[in-house]
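Here is a short report on one chain fold.

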Amino acid sequence: MNRLSRSVQAPRVLNIEDLRRRAKRRLPRVVFDYIDGGAEDESTLRANCRAFEAMTLRPRCAVSTPVCDLRATVLGASLSVPLILAPVGSCRLMFPRGEEAAARAAGEAGIICTLSTLSGCRIEDVAAASGGPVWYQLYLIGGRECALSGIDRARTSGFSALVVTIDTPVAGFRERDLRNGAKELLSGKLGQTLPFVNQLLVRPRWLAALLADGGLMKFENVVIPGKGPMLYADVTAALEQSVVTWEDLKWIRQAWNRPIVIKGIHTAEDARRAVDVGADALVVSNHGGRQLDGVAPTLRILPEVVTAVGDRVEVLLDGGIRRGSDIAKALCLGARAVMAGRAYAYGLGAAGGAGVARAIEILRSDLVRTLKLLGCASVVELDATYVDVPRDWLSK
Ligand code: GLV
């Protein structure tokens, strides 16, 4: 076991918050805050986590469950844990070949990894690293031609589902990124860079690793016709060009004949619309509180969406997953599985693939313990009888 792997083992790292602290120590502020931060006052970011705290568990005691079955099936793929790595942009800034490291850890753990359009590793390399099912997340950055070529590469490389994110008509106002000079650091102009550059210099190990990995990543999967991979842009600028509309979903549906997952569902109305345009699964998601601040936490919206779509499509949830008990709570309210972004990005920032593997292992072992304490032998048996939901959640 190397130094980085050792650094994330127990008792130093027992939970996701421990990985977060370690990521904060290894990464420059501009990179750590990109993972950790949200939009505006970050109230939705906090609310996503608090919703899990507000929902309480109802265990069945004096029940022995020596073996707990965590397996779940999502869009026909069998997962060892009802957990999927959410798309996270710019992973290659967090650790050398970050997206490949995350996909490898997911594949080894028997779960799905979702690759963001805004990634630094090539679609083909990520598929090869995973060795298991992988999903490709689509933004329309670079325009339709670029998107079609990304879709084509994802199909050829064996990606099994396309995840279309629909909550980015504009980038959320991420004040941490602005204060840290994310844009200025990329300007290439000394005068603009200088006030912000110190945060990189005080992380020499991270900087050396970045340089050894080829320096600043490019968006390898946004290939501009006649120009090649798009140069790295601050994510705010990239998201400005990323909007997807219901109209786009028509040609995307035509271009991709495998399952489509629509991510960014906040209401029953949009859930029904997503089913109408041909989605096979939905993700109840507010982009981890990074887009419209002030929207309701995802756990609270979940029952409304599950009721709206019935069993016509599979429903997933992301936002605020930090403990295995959070996964159990989401499943109790009807999610088939959850997606987690920050939980593994902290691990990646702390220790690369070893940190991602540790994040998955923490959530897995938490979930086993939670099931045993609940007196429930299998994740598929989790239902509303195992939880109490705050009264005001039931208004819709
Ligand atoms: C990218 O999707 C981001 O939220 O930064």
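Strand β6, helix α8 (residues 144-156) and strand β7 form a right-handed β-α-β unit. Right-handed means that, with the strands pointing away from the viewer, the path from the first strand over the helix to the second runs clockwise. Helices (H or I, at least four residues) and strands (E, at least two) are DSSP runs, numbered from the N terminus. The model is predicted: local features need pLDDT of at least 70, side-chain atom pairs count only at pLDDT 80 or more, and totals for chains, interfaces and linings use all residues. Residues are numbered from 1 along each chain as its sequence is written.

**Strands**

Two strands pair if DSSP finds at least two bridges between them.

| Strand pair | Bridges | Direction |
|---|---|---|
| β5 (residues 112-115) and β6 | 3 | parallel |
| β6 and β7 (residues 161-165) | 4 | parallel |
| β7 and β10 (residues 260-265) | 4 | parallel |

Individual bridge partners can be named. Gln137 has Val163 as its partner in β7. Tyr136 is partnered by Leu162 in β7. Leu162 in turn has Ile260 as its bridge partner in β10.

How many residues of β6 are buried? In β6 (residues 134-138), 5 of the 5 are buried, so the strand is largely enclosed by the rest of the structure. Buried means 20 or more other C-beta atoms within 10 Å of a residue's own; exposed means 12 or fewer, and partly exposed lies in between, with C-beta atoms placed from the backbone. Val134, Tyr136 and Leu138 point one way from β6. Trp135 and Gln137 point the other way.

Strand β7 is also largely enclosed by the rest of the structure, because 5 of its 5 residues are buried. Ala161, Val163 and Thr165 point one way from β7, and Leu162 and Val164 the other way.

**Helix α2**

Helix α2 spans residues 16-26. Its buried residues are Ile16, Leu19, Arg20, Arg22, Ala23 and Arg26. Seen down the axis of α2, they fall within an arc of 165°, so they line one face of the helix. The arc is that of the directions from the helix axis to the C-beta atoms. On the other side of α2, Arg21 and Arg25 are exposed.

What do the buried residues of α2 pack against? Their partners are α1 (3-7), α3 (29-36), α13 (204-212), α19 (342-351) and α20 (353-374). Contact means C-beta atoms, placed from the backbone, within 7 Å.

**Phe219**

Phe219 sits in strand β8 (residues 218-224). Phe219 is buried, with 25 other C-beta atoms within 10 Å. Leaving out residues up to four places away in sequence, Phe219 touches Leu118, Pro229, Met230 and Tyr232. Ile321 is 102 residues from Phe219 along the chain, and their C-alpha atoms are separated by 27 Å.

**Ligand shell**

Gly89, Leu118, Val235, His287 and Arg290 surround the ligand. A residue is near a molecule or strand if its C-beta atom, placed from the backbone, lies within 6 Å of it. The shell divides into 2 nonpolar, 2 polar and 1 charged. Leu118 of this shell is also touched by Phe219.

Technical notes
Ala, Val, Leu, Ile, Met, Phe, Trp, Tyr, Cys and Pro count as nonpolar, Asp, Glu, Lys and Arg as charged, and the others, Gly among them, as polar. Two residues are in contact if their C-beta atoms, placed from the backbone, lie within 7 Å.
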